[in-house]
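The entries follow the order in which I looked things up.

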Amino acid sequence: MSVLESKADKRGLTASGQGSDGGTVSLCDVRNIGIVAHIDAGKTTTTERILFYAGRTHRLGNVDDGNTVTDWMLQERERGITITSAAITCAWRNVRINLIDTPGHVDFTIEVERSLRVLDGAVGVFCAVGGVQPQSETVWRQADRYNVPRIAFVNKMDRMGADFNACVAEIREKLKANPVCLQMPIGQAAEFSGVIDLLEMRGMRFDEGSEGRDVSEFEIPEDLKAAAQAARAELCEQAAEADEHLVDTYFENPELSADALRASLRRSVIAGRLVPVLCGSSLRNKGVQPLLDAVVWYLPSPVDRPAVQATDLKSEKTVTREHSAAEPLTALVFKIATDAYVGRLFFVRVYSGVVKKGQNVFNPRSRKRERILKIVRLFADEQTEVEELGAGEIGAIVGLKESTTGDTLCAEHQPIYLERITVPEPVMFMAIEPKSRADKERLAESMALLAAEDPTCQVRVDAETGQTILSGMGELHLEILVDRLRREFKCEANIGRPMVSYYETVTATSNSTYLFDRELGGKRHYAQLTVEVVARERGVGNEVEITSGVRRKLPDNKLADCVEQGLTDGILTGVLARYPMKDVLAKVTDVVFMDEETATDVAFRTAAVMGFREAALAASPELLEPIMSLDIVTPADYVGDIMGDINGRRGSVRDMTTRGDMQIVRAQVPLAELFGYSTAIRSLSRGRASYTMEPGEFAVVPRTVREQLLNR
């Protein structure tokens, strides 16, 4: 039997995290955590081991064999990658762990974004060979945005080229974090056999015969004692520097006890001052139980996190909600999934109050009341029905009709709304049309369901061609969406080739007054609007505004809605090449109408659209293109050829570093120039170079390229 008591039932817990007597655990004994990392760092394998050692599963799933619990979609098992985040509940040391395994591929970054939005803590998994990679930096920034405390797990210590110290150094340098090593490896690569626990100063070995379940302790080998003592001294010093409560104790006796260190580290991790680092090899079943211990000891429970801040719907003032069942209901819909049996599942994080089966909840965005028909706890694609979800819990509900990703569910008598989830702009699109007239309605319904599930999947109809346009985060993302349409929704469609999503913007400020005065259908339609178009900072998004003076002049609110719709239509259709516009403020500053009889919806909507277009054309419009951040790992012999190729693709090299005998070239290249790049880089390096990329920014298209786009 493992010294860590790895089986959940031997601790009086069922796999759901409830006590064996059926009672629920205290909120202090709940951990809502996510596993985040670069692609192929070992997130899913680590998750599988966590479930196995926690007694939640009874066999070890393997990505290569396609039998993992969290990668349950056909597309995930075929490709060996995580596409959608999966929520699972397990238990360890009398603590319920609500765990979300997230994708590592950049095309599915929204899954990480919305998961981190609702989690209390995260485990960052790093490859001991690859170190901190581009998507590692992306997910770390996402966690920074939501102030999510983290611990780091350096995985794949058994791989050739593994270097624990180099990986820790990269966490410090590239992520600007403050890593503190709680373990040191015993050997590396083929020599990796276990870890040294620096708090207890003991060696730990994981028995291969029992699939790592039996963990034995032993004295630290003589040849590693000096290094272990030095590492523990550094650990104590870092802990004391980060925690003022420990300073006096440290000065009295630098040899801090393990219990004092754990208490101090927990305070510092929750405050975001330290990132504990552990190591192991998930595939070889080494080091996962100590990682589970670290989750319990150092990551926060819901009550350790600050009270959630929201906005009062009526007063627009900031209000707070404590993580308590006594507070009014506050919950966030962070994901929607379509289930073949129950329909749409709405994943929610409850921040305060209680969600009960049969209860009515209020959606402040739609301003409608909705009824909850069913509540389930999740185990990947399996569900267990429950009667309620309390504060601090994550689950899924059935029965909502009007809710979308990012909506708040609250008590109707105290309506408030939470900050919505940030959604990145799509960078690629393709035309899609039904193969027959009979498929048209089904295709439209299916794409609407996909768009509801995935906010980065956007569907629109081109006003000029009448084509349906499906937009996404990359070629793989679009490929998966089309595959799901065919397999899950049984929709056959003709697919166009993927193309780059260009946008339009303005670079100056201008205004225009447009008069619409027509007789249509025997009735006169009259409206005159003055529209101002203003360039906004890159990345802040669009905004439509009607000044208070104009609102007071309008005879009713219905006309104001028509004006806003007209401005929105103008932004969506652009002025140069019919691309959507971004980072634009459209403001109506004046209005003139004759009487209520001639002040029609048609007149005001048309005047808004045409006034916007005239103002935008006078505000120095430009085309924007997505720029990708490219990381290329290559032998030094091919650096010159690769850099020359980057320059030929309108790219620019930003940085070059060395990792072992390989060079890492960091560059920014327009997405339009990267089609077929995998073939090109293999040819340039004789198959020895590899690359990863992620969306960087949107930049103004050069004049020559702009002319080509406008004339094609």
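Predicted model: local features only at pLDDT ≥ 70, side-chain atom pairs only at ≥ 80, totals over all residues.

**Entry 1: Helices H6 and H7**

I began with helix H6 (residues 222–242) and helix H7 (residues 244–252), whose axes come within 6 Å and cross at roughly 135 degrees. I therefore record H6 as oblique to H7. I then listed the residues that make the contact: H6 contributes Cys 236, Glu 237, Ala 239, Ala 240 and Ala 242, while H7 contributes Glu 244, Leu 246, Val 247 and Tyr 250. Sorted by class, the contact of H6 with H7 holds seven nonpolar and two charged residues, and no polar ones.

**Entry 2**

I next traced an open sheet of four strands, and I found the order to be S7-S8-S9-S10 with antiparallel pairing. Which strands are at the edge? I identified strand S7 (183–186) and strand S10 (215–218) as the edge strands, each of them pairing on one side only. From one strand to the next, the twist averages 30 degrees.

Strand S9 (residues 202–206) and S10 are joined in the antiparallel sense over four bridges. For Phe 206, I found the bridge partner in S10 to be Val 215.

I also returned to H6 to see how it is placed against this sheet. H6 lies across S7 and strand S8 (194–197), and its direction is at about 160 degrees to S7.

**Entry 2: Phe 192**

Where is Phe 192 found? I located Phe 192 in the loop between S7 and S8.

I then looked up the surroundings of Phe 192, leaving aside its neighbours within four places in sequence. On that basis Phe 192 is in contact with Met 157, Asp 158, Pro 185, Ile 186, Gly 187, Gly 280, Ser 281 and Lys 286. I also checked Ala 162, which is 30 residues from Phe 192 in sequence and 9.5 Å from Phe 192 in space, C-alpha to C-alpha.

**Entry 3: Helices H1 and H9**

By class, I counted five nonpolar residues, two polar and one charged in the contact of H1 with H9.

**Entry 4: Aromatic pairs**

How many aromatic pairs does a search of the whole structure find? The search returned nine, and I examined two pairs in detail. Phe 126 and Trp 140 form a tilted pair, with 5.9 Å centre to centre and 50 degrees between the planes. The pair links distant parts of the chain, 14 residues apart: Phe 126 belongs to strand S4 (residues 121–127) and Trp 140 to helix H4 (residues 134–145). I found Phe 126 buried at 2% relative accessibility, and Trp 140 buried at 4%.

Tyr 503 and Phe 698 have ring centres 5.1 Å apart and planes at 85 degrees, so I recorded the pair as edge-to-face. This pair also links distant parts of the chain, with Tyr 503 in strand S30 (residues 503–506) and Phe 698 in strand S38 (residues 690–700), 195 residues apart. Tyr 503 is buried, with a relative accessible area of 7%, and Phe 698 counts as buried at 14% relative accessibility.

**Entry 5: Strand S14**

My last entry concerns strand S14 (residues 330–339). Nine of its 10 residues are buried, so I describe S14 as largely enclosed by the rest of the structure. I found that S14 pairs with strand S15 (residues 343–352) in the antiparallel sense over nine bridges. Leu 332 stands opposite Arg 349 in S15. S14 also pairs with strand S23 (residues 408–410), again in the antiparallel sense, over three bridges. For Thr 330, the bridge partner in S23 is Cys 410.

Note on methods: Residues numbered from 1 in each chain as written. Heavy atoms only, no water. Axes fitted to C-alpha atoms, helices over the stretch in contact; angles between N-to-C directions. Parallel < 35°, antiparallel > 145°, perpendicular 65-115°, else oblique. Contact = heavy atoms within 4.5 Å. Nonpolar A, V, L, I, M, F, W, Y, C, P; charged D, E, K, R; others polar. Pairing = 2+ DSSP bridges. Phe/Tyr/Trp six-rings, centres within 6.5 Å; stacked < 30°, edge-to-face > 60°. Buried < 20%, exposed > 50% of the residue type's maximum accessible area, 1.4 Å probe, protein only.
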